[in-house]
Amino acid sequence: MSSEESVRLAAGDVELTVSPLNGCRVASLSIGGTEVLRQGERYGCFPMVPWCGRVRNGLFHNGDVAHQLPLNSPPHAIHGTGRDTAWRTARTAKSEASFTYDLAEPWPYTGRVTQTFELAEDSLTLAMGIETYDTSFPAQAGWHPWFRRNLGSGEDARVDFSAAWQEQRGGDHLPTGQRIAPRPGPWDDCFGMPDGVSVTLTWPQQLELTVASRAEWVVIYDEQAEAVCVEPQSGPPNGLNTHPQLVTPIEPLEIATTWTWRRL
């Protein structure tokens, strides 16, 4: 394995740049010469692992064992440790690549995370897995893409989706445990799609891009002027506590998302 500053994949006139040393995030996705992701070291599209969104007060339990995570978004812990970690490049080809990192402090359990990318002329598939050969633990995984609200010409992106419910958001930005009918934006909210995530961004007369996943949770965040975030994930915010999914020596946590696009 090796560590590289950037890995570039290509398929036709579509180019993808991954930055393994900067949290293994997608730094760039250029479709026909048009960049669709917000640029900057904190943006692009980063993996959320081994948890997604906020963990209330940074505290979670594994059975009767309590763990305190660093409060990187006080009073909560947010978006996992993977985005702040240097990943190793495991394999690269013209349009495919895979990367790994080993879980370490401040995460209290051992394990390995693998992220893969498969690029085509009309799609990108991202997959992530968490495995352990030691103690079982609750975890989550997902992605946090920052799609540009405006591609530089024409109208802003329109967001279309149909959710079964919206998680009611409390004053602390965490779900209250109540499910409500989906409300109009702007959003920093989690939605339930039990038949799988499907959210479409349309830049009129330019591009239509759909984010799909077999996962049933998605956070949509569009409160910033520059970008729209569509975040498929394996559980809701604070899910380490409310919807724990165990990674065990015989059962890894696996999630995938596919972005498909067509030019308008």
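Visitor: Which residues does E167 touch, not counting residues up to four places away in sequence?
Guide: In this predicted model, E167 is found in strand β17, which covers residues 165-169. Once residues up to four places away in sequence are left out, the residues that E167 touches are P175, Q178, R179, D189, C190 and W217.

Visitor: Is E167 buried or exposed?
Guide: The side chain of E167 makes a polar contact with the side chain of W165, at 3.0 Å. A residue counts as buried when its relative accessible area is under 20%, and because the relative accessibility of E167 is 6%, E167 counts as buried.

Visitor: How many disulfides does the structure hold?
Guide: A disulfide is a covalent bond between the sulfur atoms of two cysteines, and the sulfur atoms have to lie within 2.5 Å of each other to be counted here. For C52, the nearest cysteine sulfur is that of C190, which is 9.6 Å away, and C52 is in no disulfide. C190 is likewise in no disulfide, the nearest cysteine sulfur being that of C52. The number of disulfides in the structure is zero.

Visitor: Is C52 buried or exposed?
Guide: The cut-off for a buried residue is a relative accessible area under 20%. The relative accessibility of C52 is 0%, and therefore C52 counts as buried.

Visitor: Which residue forms a salt bridge with E226?
Guide: E226 lies in the loop between β22 (217-221) and β23 (227-233), and its partner lies in the loop between β4 (34-35) and β5 (45-48), 188 residues apart, so that the pair links distant parts of the chain. The closest N and O atoms of the pair are 4.0 Å apart, and the partner of E226 is R38.

Visitor: How many salt bridges does the count come to?
Guide: One of them joins the side chains of R158 and D160, at 3.0 Å from N to O. Salt bridges that share partners also join R88, D102 and R112 into one network. The count of salt bridges comes to twelve.

How values were computed:
Residues are numbered from 1 along each chain as its sequence is written. This is a predicted model: local features need pLDDT of at least 70, side-chain atom pairs count only at pLDDT 80 or more; totals for chains, interfaces and linings use all residues. Side-chain values use heavy atoms; hydrogens and water are left out. Helices (H or I, at least four residues) and strands (E, at least two) are DSSP runs, numbered from the N terminus. Buried means under 20% relative accessible area, exposed over 50%, partly exposed in between (1.4 Å probe, protein chains only). A polar contact is a pair of N or O atoms within 3.5 Å; within protein, one must be able to donate a hydrogen and the other to accept it, and residues adjacent in sequence count only if both atoms are side-chain atoms. Contact means heavy atoms within 4.5 Å.
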